[in-house]
Amino acid sequence: MSRPIHVAITRKVIPGKEKEFEAALQHFLGESFKRDGVHGAMMITSLKEDGKNEIGILRTFKDETEKDAFYNSELFKKWEAYAGMLTEDAVYRDLTGLEAWFRSPTAPPRWKMALVTLCGVFPTSIFLNYTIGHWMKDGNVLLRIFMVAACMVGLLTWVVMPFVTKVFKGWLRK
């Protein structure tokens, strides 16, 4: 089963090119949604808010294959060439772990992310303690800790945190 891929893109717009870039970006985002495998794109920051002329874009793909197909497409190559005339070099990075769990137009405060993470980690640790932890209680301590940690990461990444962040979505955005 494939998992969605999230990519954060940051660009610094050349002063005086803000309106042209925003118009071009809106057109490009609209065109990109016509492609299979593109699940979403949103602006994370606005050019008008911070005065730094930086804009962030969060793009979501169905899977790694669709991400690669998009970034190798003629549509993207044309966009990259045009956007490169209006901005400094873009920074692309795949989001994994906590930053992917909390993706939103504006990042929630760290204390909220910590509390929501605790709401996922605490019950998961209890569950693992009474299941595999109890089952391995007489085994090697390092192996037991490793197994619990590996199961914790897997459960948090694919089951618990997607559920918990959905439950707390409204509170995280306040």
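Predicted model: local features only at pLDDT ≥ 70, side-chain atom pairs only at ≥ 80, totals over all residues.
Residues are numbered from 1 along each chain as its sequence is written, and side-chain values use heavy atoms, with hydrogens and water left out. Local features need pLDDT of at least 70 and side-chain atom pairs count only at pLDDT 80 or more, while totals for chains, interfaces and linings use all residues.

**Overall fold**

The protein has eight helices and four strands, taken as DSSP runs numbered from the N terminus (helices H or I, at least four residues; strands E, at least two). Read from the N terminus, the order of elements is β-α-β-α-β-α-α-β-α-α-α-α. Of the 174 residues, 35% count as buried; buried means under 20% relative accessible area, exposed over 50%, and partly exposed in between (1.4 Å probe, protein chains only). Among contacts (heavy atoms within 4.5 Å) with a separation of 6 or more, 71% come from residues 24 or more positions apart.

**Helix α4**

Helix α4 covers residues 74–86, which makes 13 residues. From its first C-alpha to its last it reaches 19 Å, close to the 18 Å expected at 1.5 Å a residue; the expected span is 1.5 Å times one less than the number of residues. The buried residues of α4 are F76, W79, A83 and L86. They cover an arc of only 75° around the axis, which puts them on the same side of α4; the arc is that of the directions from the helix axis to the C-beta atoms. An α-helix has 3.6 residues a turn, so residues three or four places apart point the same way. On the face turned away from the buried side, α4 carries the exposed residues E74, K78, A81 and M85. The cover over the buried residues of α4 includes β1 (5–12), α1 (18–32), α3 (64–71) and β4 (91–95).

**Salt bridges**

Side chains of opposite charge can pair when their charged atoms come close. A salt bridge here is a side-chain nitrogen of Lys or Arg within 4 Å of a carboxyl oxygen of Asp or Glu, and the count comes to two.

| Salt bridge | Closest N and O atoms |
|---|---|
| E80 with R11 | 2.6 Å |
| E64 with K67 | 3.1 Å |

E80 in helix α4 and R11 in strand β1 are 69 residues apart, so this pair links distant parts of the chain. E80 is partly exposed, with a relative accessible area of 26%, whereas R11 is buried at 2%. E64 and K67 both lie in helix α3, three residues apart, about one turn of the helix. Here E64 is partly exposed at 37% and K67 is buried at 10%.

**Aromatic and charge–ring pairs**

There are twelve aromatic pairs: rings of Phe, Tyr and Trp (its six-membered ring) pair if their centres lie within 6.5 Å, and planes under 30 degrees apart count as stacked, over 60 as edge-to-face and the rest as tilted. The rings of F28 and F70 have centres 6.1 Å apart and planes at 45°, so the pair is tilted. F28 lies in helix α1 and F70 in helix α3, so the pair ties together parts 42 residues apart in sequence. Both F28 and F70 are buried. F61 and Y71 form an edge-to-face pair, at 5.4 Å centre to centre and 65° between the planes. F61 belongs to strand β3 (residues 54–61) and Y71 to helix α3, ten residues apart. Both F61 and Y71 are buried.

One aromatic cluster consists of F21, F28, F61, F70, Y71, F76, W79 and Y92.

K112 lies over the face of W171, at 4.8 Å from the ring centre; the rule asks for NZ of Lys or CZ of Arg within 6 Å of the ring centre and within 35 degrees of the ring normal.
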